[in-house]
Amino acid sequence: MSSEANSVPLAAEVSSESTLSIENDKDEELEASKKRKLASDASTSPSSSSTEYCHKVGEADSEADSEADKLAQMTSACQTILKCIGEDPDREGLLKTPERWAKALLFMTSGYSLGPEQVINDAVFSADSHKEIVVVKNIDIHSMCEHHMLPFTGVIHVGYIPNGKIIGLSKIARIADVFSRRLQVQERLTREIVDALEEAIQPMGVGVVIESSHFCMVMRGVQKVGAKTVTSCVRGVFQSNAKTRAEFFNIINSKSG
């Protein structure tokens, strides 16, 4: 009799634990289902890692991410932006603005689909006799600040001392365009141009100076119209030899040219 009395609460306790276990399993299954749905949504979202970039830097666009596909996505995004700032994208003056903006931005960031080797195009020549400084100065550059996506514009001065190789002069300007037509900071842009020239011709020395005005300082923020930013990067004998470095800076600062 005593044994039967004790067995009833035990059975009830087991039944209760079993019910809790089933409920926990259901909760876990529901939670897992939610996670699977979130993962599935993320995999098809335009912001997922598989579609984060339209193309890799230095590579041509893939067939799946054609110019038309990118234009459509960017045009739609611009229409959203216009609405967010209080504009009507359907009014006459703005009807074609989103597409124009998309095309303009693709051009201004066209450097992502190019590498220096593509624009140099074998325009490197032997020249053992020339061991003096070669300078190309006042090359116009137009880039976009990666912090605000506003332009910065200015000039670049490039100098190098050949070490058996020279590069076509126009290719120096094209190298500058490759890197400036990306979202940039001026400091990195200066270094990247130096790196590209070093890799292309292995000079005895190379130096790059950029002077520019940043519209993120002109149109917003501190709003200083006359401010200019100057960055420099020197390698090889330009770095190790003070007289050679001084000669380079004297040339680019001279009034001639």
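This is a predicted model: local features need pLDDT of at least 70, side-chain atom pairs count only at pLDDT 80 or more; totals for chains, interfaces and linings use all residues.
Is M149 buried, exposed or partly exposed? With a relative accessibility of 40%, M149 counts as partly exposed.

Five strands make up an open sheet, and going across it the order is β5-β2-β3-β6-β7, with mixed pairing. The edge positions belong to β5 (183-184) and β7 (229-236); each has a single partner strand, so one side of each has no neighbour in the sheet. As background, strands of a sheet pair through backbone hydrogen bonds, and the pairing is either parallel or antiparallel.

Now the pairs, one at a time. Strand β2 covers residues 134-145, and nine bridges join it to β3 in an antiparallel arrangement. If you want a place to look, find H142, which stands opposite T153 in β3. β2 and β3 form a hairpin, with five residues between them.

That brings us back to M149, which sits in the loop between β2 and β3. Its phi is near 55°, a positive value in a residue other than glycine.

Next, β3 and β6. These two also pair in the antiparallel sense, over ten bridges. Here the residues to look for are V155 and, opposite it, E211 in β6. How many of the eleven residues of strand β3 are buried? Nine of them are, so β3, which covers residues 151-161, is largely enclosed by the rest of the structure.

The last pair I want to show is β6 with β7. Strand β6 runs from residue 205 to 214, and eight bridges join it to β7, again antiparallel. V208 stands opposite C233 in β7. One general point before leaving the sheet: in a regular strand the side chains alternate between the two faces of the sheet.

On to a helix. Helix α6 holds 16 residues, 186-201, and we can check its length. At 1.5 Å a residue it should span 22 Å, and its end C-alpha atoms are 23 Å apart, which agrees. Just after α6 comes Q202, with a positive phi of about 45°.

There is another positive phi to point out, at N121. Its value is near 50°, and the residue is not a glycine. N121 lies in the loop between α4 (116-120) and β1 (124-127). At 54% relative accessibility, N121 counts as exposed.

Now the aromatic rings. A pair of aromatic rings is described by the distance of the centres and the angle of the planes. The structure holds two aromatic pairs. F238 belongs to helix α8 (residues 237-240) and F248 to helix α9 (residues 242-253), so the pair ties together parts that are ten residues apart in sequence. F238 is buried, at a relative accessible area of 0%. F248 is buried as well, also at 0%. Ring pairs link F238, F248 and F249 into a cluster.

Next, L82, in helix α2 (residues 67-84). What does L82 contact, leaving aside its neighbours within four places in sequence? The residues are E87, P89, L94 and P98. L82 counts as buried, at 10% relative accessibility. L82 and T97 are 15 residues apart in sequence, and their C-alpha atoms are 9.6 Å apart in space.

Finally, the cysteines. A disulfide is a covalent bond between the sulfur atoms of two cysteines. How many disulfides does the count give here? The count comes to zero. Two cysteines to look at are C78 and C84. C78 is buried, with a relative accessible area of 7%. C84, by contrast, counts as exposed, at 66% relative accessibility.

That is the end of the tour.

Terms used
Residues are numbered from 1 along each chain as its sequence is written. Side-chain values use heavy atoms; hydrogens and water are left out. Helices (H or I, at least four residues) and strands (E, at least two) are DSSP runs, numbered from the N terminus. The expected span of a helix is 1.5 Å times one less than its number of residues. Two strands pair if DSSP finds at least two bridges between them. A disulfide is a pair of cysteine sulfur atoms within 2.5 Å. Buried means under 20% relative accessible area, exposed over 50%, partly exposed in between (1.4 Å probe, protein chains only). Rings of Phe, Tyr and Trp (its six-membered ring) pair if their centres lie within 6.5 Å; planes under 30 degrees apart count as stacked, over 60 as edge-to-face and the rest as tilted. Contact means heavy atoms within 4.5 Å.
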